[in-house]
Amino acid sequence: MSLNVELLRETFNRAKTENGGATRLGLRFYERLFEKYPAVRPLFKTPPEEQHKKLLASIASIVSSVTNPEQMMPYLYAMGIRHVEYGTLDAHYPAVQENLVAVLGEHLSKEGEWTEEMADTWNTALKVVSDVMIKAANDPEAVKDDMLKAGFLPNGYKVNAGIPYEMAV
Ligand code: HEM
């Protein structure tokens, strides 16, 4: 299934303004994640009040670079490799995807519509994101050169020590 980029962007923009905006969405993401998947809770050391800003910044980067794979792919490789250090397992990705789509649906249904097509769009995008991160996490050597060209070290951090989840777009 091809990705409906317009719908992805439109729903993300709505999420930033409706129902208390990105902060409400981000905090709810961790609340529901820890409720539904308590096994992942110990992996998170940063409190949700801080962590949700990073998550939302990375989703914003992905949403804006999704039409520019040359920029998005190395960003995702680096993110996948950093996640190994956090104790993330391949099996956690479907849980995070399920949780993000569920909270987005909850969030957008409050003031407007949330359709099957919107859910499919987010599931398609997050499956690609997960697959790319997982692939890099399992075979960092294969993505090393592409990461370096994009300014990332083999450990997934920025060559210039910049904030790795912030993308200049
Ligand atoms: C859609 C996929 C995901 C995205 C966009 C994402 C995004 C992020 C971002 C931006 C950070 C901040 C640190 C950094 O950039 O290196 C982070 C940290 C983290 N993520 Fe993810 N993540 C994803 C999937 C997952 C999964 C599947 C898990 C497994 C439970 C996970 C667990 C963590 C943990 C434990 C941290 C470190 C938190 C801390 O500082 O204590 N993430 N994630």
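This dialogue walks through a predicted model, feature by feature.

Reader: What should I know about the numbering and the model?

Author: Residues are numbered from 1 along each chain as its sequence is written. The model is predicted: local features need pLDDT of at least 70, side-chain atom pairs count only at pLDDT 80 or more, and totals for chains, interfaces and linings use all residues.

Reader: Start with the ligand. How many residues surround the ligand, and which are the closest?

Author: A residue is near a molecule or strand if its C-beta atom, placed from the backbone, lies within 6 Å of it. Here 23 residues surround the ligand. The closest are Lys45, Thr46, Ser58, His92 and Tyr165.

Reader: Which elements give two or more residues to that shell?

Author: Elements are DSSP runs, numbered from the N terminus: helices are H or I with at least four residues, strands are E with at least two. The elements giving two or more residues to the shell are helix H3 (48-65), helix H4 (69-85), helix H5 (92-109) and helix H6 (116-138). The largest share, 5 residues, comes from H3.

Reader: How does the shell around the ligand divide by class?

Author: Ala, Val, Leu, Ile, Met, Phe, Trp, Tyr, Cys and Pro count as nonpolar. Asp, Glu, Lys and Arg count as charged, and the others, Gly among them, as polar. The shell around the ligand has 13 nonpolar, 7 polar and 3 charged residues.

Reader: Now helix packing. What describes two packed helices?

Author: Two packed helices are described by the angle between their axes and the distance between the axes. Axes are lines fitted to C-alpha atoms, for helices over the stretch in contact, and angles run from 0 to 180 degrees between N-to-C directions. Under 35 degrees is roughly parallel, over 145 roughly antiparallel, 65 to 115 roughly perpendicular, and the rest oblique.

Reader: At what angle do the axes of H1 and H6 cross?

Author: The axes of helix H1 (residues 5-17) and H6 cross at roughly 100° and come within 9 Å. H1 and H6 are therefore roughly perpendicular to each other. Leu7, Leu8 and Thr11 of H1 make the contact with Glu117, Met118, Thr121, Trp122 and Ala125 of H6. Contact means C-beta atoms, placed from the backbone, within 7 Å. The residues of this H1 and H6 contact divide into 5 nonpolar, 2 polar and 1 charged.

Reader: How do the axes of H1 and H2 cross?

Author: They come within 4 Å and cross at roughly 95°. That makes H1 roughly perpendicular to H2. Ala15, Lys16 and Thr17 in H1 meet Gly21, Ala22 and Leu25 in H2. By class, the residues of the contact of H1 with H2 are 3 nonpolar, 2 polar and 1 charged.

Reader: On to the core. Where do nonpolar side chains tend to be in soluble globular proteins?

Author: In such proteins, nonpolar side chains tend to be buried together. A nonpolar core is a set of buried Ala, Val, Leu, Ile, Met, Phe, Trp, Tyr and Cys residues joined through C-beta atoms within 7 Å. Buried means 20 or more other C-beta atoms within 10 Å of a residue's own, exposed means 12 or fewer, and partly exposed is in between; C-beta atoms are placed from the backbone.

Reader: Which residues touch the most other members of the largest nonpolar core?

Author: That core has 33 residues, and Leu76, Tyr77, Ala78, Val129, Met133 and Ala136 touch the most other members. The elements giving two or more residues to this core are H1, helix H2 (21-36), H3, H4, H5, H6 and helix H7 (140-149). The largest share, 9 residues, comes from H6. Leucine 76 touches Val129, Val132 and Met133, not counting residues up to four places away in sequence.

Reader: Is asparagine 19 exposed or partly exposed? And alanine 161: buried or exposed?

Author: Asparagine 19 is partly exposed, with 16 other C-beta atoms within 10 Å. Alanine 161 counts as exposed, with 8 C-beta neighbours inside 10 Å.

Reader: Last, sequence against space. How far apart are glutamate 113 and threonine 11?

Author: Glutamate 113 and threonine 11 are 102 residues apart in sequence and 9.7 Å apart in space, C-alpha to C-alpha. Glutamate 113 lies in the loop between H5 and H6. Glutamate 113 is exposed, with 9 other C-beta atoms within 10 Å.

Key. Contact = placed C-beta atoms within 7 Å.
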